[in-house]
Amino acid sequence: MRILLFTGKGGVGKTTLAAATAARVAGHGGKVLVVSTDPAHSLADALDADLGAHPREVRLDGSRAMLHAAEVQTRELVDGTWRELREHLRTMLQGAGVDDVDAEELTVLPGVEDLLALTEVHRLAASGLWDTVIVDCGPTAETLRLLALPESLAGYLERLFPAHRRAVRGLLAGIAGSEQVERWDSVADGLGRLAERLAGLKGMLGDEGTSVRLVLTPESVVAAETRRTLTALALQQIRVDGLVANRVVPHPGSARGAAAGWLRTRRREQEKVLDTLRGATDLPLRVVEHRAAEPVGAEALLALGDELYAEVNPLENLSGTPSMQVTGGGRGLDAEYALQIALPLHPSADLDLARIGAELAITVDGRRRLFALPAVLQRCIVISAVAGDDGLTVRFRPDPELWMR
């Protein structure tokens with residue numbers, strides 16, 4: 001299974017390029033589903049097709065190839081999946097003596113709509129009906145929050161309702177009375193299913209077949225956001241397999257006149273931005289020139305996909321180096337280890353490190369992630385940290401007090 005997520009700053013054309021990539025793969029015989037999780041859906045407009053929550057066929061004219069498309073309706077998912085469980089939880093908390101207002105606030109699961117949208121993508125991918133699922137995500141900021149949800153909500157759920165079902169069941173039985181136990185069973189079952197979904201989502205996002213493709217326009221502001229996004233995704237250990245620069249003005253060649261002069265000037269400015277990006281990352285950067293006609297409809301998108309990828313496989317995925325690895329060693333207290341974390345940092349990145357028990361907390365530009373330290377490092381102390389072009393390297397040495405235990 002190949003899952004490819006498209007995102008970028010609002011208005012850069014990510015929906016069009018996600019649809020064009022899907023059309024290209026389908027045109028070459030692939031079984032493809034393109035699905036939108038963007039709250040402001042425009043996939044139907046790009047494909048010039050009537051879409052809904054359930055995948056529908058979109059035929060490529062002049063070809064037997066077909067692709068499927070859908071737009072996730074989060075409100076329907078919330079109404080159908082979360083509302084009943086939330087009512088059960090609220091009743092249980094009230095029965096345990098929690099104030100009505102507090103019970104209401106405790107059962108507001110942050111980001112539940114985004115979570116359910118991602119859950120629907122996972123369900124569709126797991127159906128086995130398609131070889132490839134291409135996701136038109138929301139703008140960058142929303143996508144970063146979306147991709148962080150499975151891990152953050154799993155922690156929230158564990159703190160609010162511990163995983164050990166019998167312990168919680170016994171606690172509530174003692175506080176609220178045995179008549180509440182049967183209702184708690186249904187709540188616990190619902191929470192168990194939610195926890196399974198979160199685990200499935202984390203597995204999907206961490207799978208080698210899943211990656212993000214960033215879409216941008218060649219402007220300094222957009223490029224700066226793209227570099228920050230590369231760091232944020234690396235912090236979440238989400239793979240990025242490439243960049244697509246959209247709406248690059250055509251080169252006027254030898255043409256003369258005011259219009260040709262304007263095009264040359266604008267093209268030079270755009271090339272400077274693209275050169276800066278090429279110097280900041282080893283990821284492939286594909287370029288799409290601005291078109292006179294808007295690419296709308298399956299056939300126009302297929303032509304755009306052919307131009308974009310030419311002889312390249314659109315689903316090519318760069319495995320790259322491991323996101324985190326430990327090197328070094330030695331004897332006893334003389335040993336020294338290096339923890340290398342692949343984390344591209346832009347020049348103005350605000351980086352902070354902290355050791356919290358068996359975890360290393362890394363914060364970049366206000367985004368924080370806890371990295372569980374490998375067992376060999378849990379009895380060590382940090383002696384230095386260096387940020388470079390290849391990421392972050394943290395050096396450790398055995399802690400004499402912990403090492404001898």
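**View 1. Strands β11 and β12, joined by six bridges.** β11 and β12 (residues 359–364) run antiparallel here, with six bridges between them. Across the pair, Leu353 sits opposite Ile362 of β12. Strands are DSSP runs of E with at least two residues, helices are H or I runs of at least four, and both are numbered from the N terminus. Two strands count as paired if DSSP finds at least two bridges between them. This is a predicted model, where local features need pLDDT of at least 70 and side-chain atom pairs pLDDT 80 or more, while totals for chains, interfaces and linings use all residues. Residues are numbered from 1 along each chain as its sequence is written, and side-chain values use heavy atoms, with hydrogens and water left out.

**View 2. Arg369 over a ring.** Arg369 lies over the face of Phe371, 5.0 Å from the ring centre. The test asks for NZ of Lys or CZ of Arg within 6 Å of the ring centre and within 35 degrees of the ring normal.

**View 3. The eight-stranded open sheet.** This one is mixed in its pairing, in the order β3-β4-β2-β5-β1-β6-β7-β8. Its edge strands, β3 (56–59) and β8, each pair on one side only. Neighbouring strands are turned by 25° against each other on average, ignoring direction. At the β8 end, β7 and β8 run parallel and share four bridges, and Val248 stands opposite Glu289 in β8.

**View 4. The second largest pocket.** About 480 Å³ of space lies in this pocket. A pocket is an open set of points on a 1 Å grid over the protein atoms alone, where a 1.4 Å probe fits, with protein on both sides within 12 Å along at least five of seven lines; lining residues have an atom within 4 Å of a point. Grid points are joined across faces, edges and corners, and the volume is the space filled by probe spheres set on them. Of the 26 lining residues, Gly13, Thr16, Asn246, Arg247 and Glu294 lie nearest the centre. α1 (14–27), α2 (43–47), β7 (240–248) and β8 (285–289) each supply at least two, and α1 gives the most, with four.

Terms used: Axes fitted to C-alpha atoms, helices over the stretch in contact; angles between N-to-C directions.
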